[in-house]
Amino acid sequence: MKQKQSKFKNAIKTFNAKMFLTLCITILCVIFFLIALNNFALEKFYLYSKNKTLKTVYNNLNSYYNGKNHEIDIEQELEEIAIKNNFDILIKDKDNINIYSTNKNFYSVLRESAKLEEKSDREKILENNEKYKIIKQKDFKNGLNYIMLLGKLDNGYYLFIRLPITSIQDSVRISNKFLILIAGFTIFISAILVYIISKKVSEPISELNKIAKNVANLDFSHKYIETDVDDEINNLGKSINIMSERLEITINKLKNTNNELERDIEEKSKIDEMRKSFISDVSHELKTPIALIQGYSEGLLENVNSDDESRKFYAEVILDETNKMDRLVKQLLELMKLEYGKREFNNTTFDIVELEREVIRKSKLLIGEKNVNLIFDDKEKIMVYADDFYIEQVITNYLTNSIKNVKEINGKKEIRIENKLDKKNNKVRINVYNTGDKIAKEDIERIWKRFYKADKSRNRDKGGSGIGLAFVKAIMNNYKSDYGVINHKDGVEFYFEILLG
């Protein structure tokens, strides 16, 4: 029940319902006004009109009998007047003899007129002067109401004109009934017209309402379809479109400004994080070389060894550690720039096979010292698109890492470099494999972190700085390329992917 009431309340709130109710109320008010006008004004207007007609007839007859119009047949004229106006006319001379009568039964008028003063309660005087008197009278014999003129012409004749007025009251009742029928018919037709018109009017209003709601929800995709009609709704639609466009531009500007501000904040945060990380890493990694430099410097100052050879050794250690510190700081700075997107890549098209050949040539001495069998197919040229400087560092780090960790397994001690084309995805995958121990499962993710060394027992000469694979990770992340490590049965394979040129 409540749901039905709610639906009804929502229905009467619609534009169509309000328009229909407004029109119905307007029609009913007009009809009631016309009925009231009929009841209170029509009869009075009718009496006024008939009074005027009676006076006109009196004046015309007075002029006829005064001899002003000799050519007129008075009796014929009287008959026409009586028929035209539904009059009963009686004319008597000075001796009370009938001169003319349209109704033989109208003789009784004389007797009634002689007793007017006694029956004043049955009549109403409408107009009275020296020449004539007009009264409203009711005949109790037949129950009809009349208007009667009783007058004396200039020639001494007496004129009596009677007009029944019951018909006007019937006309008022019939007119009222007709107006009520018209009201019902008009409301029915109006309901149809209101539905058609209101639908035509309400559709663009509903569309504007929907667009306004979307704008309120910051959805500017919907626009009002403008027409050539110059009306209020079309102008409102144009205004909403202009408002929507300006709001969209303003909000986009605010978003861009906000994004720039967020980027600035993020940039500042990255710089702070980079600075903290750099300080932490440097302070951690420089402890050992600083301690060595300090120790050997104190030895030189205190002349622990007086011979030149010992002092030279001390000086060489200090110089070597200083060079290592310098390289470490430079590597850290470069790594920080790569990790925080501060390094621009100079991408060009080059032959990856030729680059691999050059890296192998630089590492030939180390490979020979390890007595490693290097397998590399350099017959096919493969063009790639990247920064050859950084790709060279990736290959160098992989190869150096393989040389350091290669071992003889099942009579094999080898390093293998392979290039696998993936033309479907427009990529090439570079694999660097070496026989040796597998990487522990828990170290698979850790080896890519700065300064992490899976072999805790490695000395400073063998172990390196521990940031080579971190370099690889930073470079590949900048290229959004795949990289990683896979344990095999008899060794380890490192790989990375790069786009073909």
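Me: What makes residues 116-120 a stretch to treat with caution in this predicted model?
Reply: Over residues 116-120 pLDDT stays under 50. The pLDDT scale expresses the predictor's confidence in each residue, from 0 to 100. Where pLDDT is low, the predicted coordinates should not be read in detail. For residues 116-120 the model has six contacts beyond four places in sequence.

Me: For which residues does the model have 12 contacts beyond four places in sequence, with pLDDT under 50?
Reply: Those are residues 456-463. For the protein chain, the mean pLDDT is 78, and 78% of the residues reach 70 or more.

Me: Why is Asn-85 called buried?
Reply: Asn-85 has a relative accessible area of 16%, and buried means under 20%; therefore Asn-85 is classed as buried. Asn-85 belongs to helix H3, residues 74-85. Not counting residues up to four places away in sequence, Asn-85 touches Thr-53 and Leu-163.

Me: Which core includes Leu-163?
Reply: Leu-163 is in a nonpolar core of 24 residues, which also includes Val-57, Tyr-64 and Leu-149.

Me: Why is Ile-189 called partly exposed?
Reply: The relative accessible area of Ile-189 is 31%. Buried requires under 20% and exposed over 50%, with partly exposed in between; therefore Ile-189 is partly exposed. Ile-189 lies in helix H5, which spans residues 166-216.

Me: How many residues are in the largest nonpolar core, and which have the most contacts inside it?
Reply: That core has 46 residues, and those with the most contacts inside it are Ile-352, Ile-391, Tyr-398, Trp-448, Phe-494 and Phe-496. Among the elements that give two or more residues to this core are helix H9 (352-362), helix H11 (388-405) and strand S13 (491-499).

Me: What does Tyr-398 touch, not counting residues up to four places away in sequence?
Reply: The residues touched by Tyr-398 include Val-432, Trp-448, Leu-469, Phe-494 and Phe-496. A contact requires heavy atoms within 4.5 Å.

Me: How many of the contacts in the protein chain with a separation of 6 or more join residues 24 or more positions apart?
Reply: Residues 24 or more positions apart account for 63% of those contacts. The protein chain has 13 helices and 13 strands, and buried residues make up 35% of its 501 residues.

Conventions: Residues numbered from 1 in each chain as written. Predicted model: local features only at pLDDT ≥ 70, side-chain atom pairs only at ≥ 80, totals over all residues. Heavy atoms only, no water. Helix = DSSP H or I, 4+ residues; strand = E, 2+ residues; numbered from the N terminus. Buried < 20%, exposed > 50% of the residue type's maximum accessible area, 1.4 Å probe, protein only. Core = buried A, V, L, I, M, F, W, Y, C linked by side-chain atoms within 4.5 Å.
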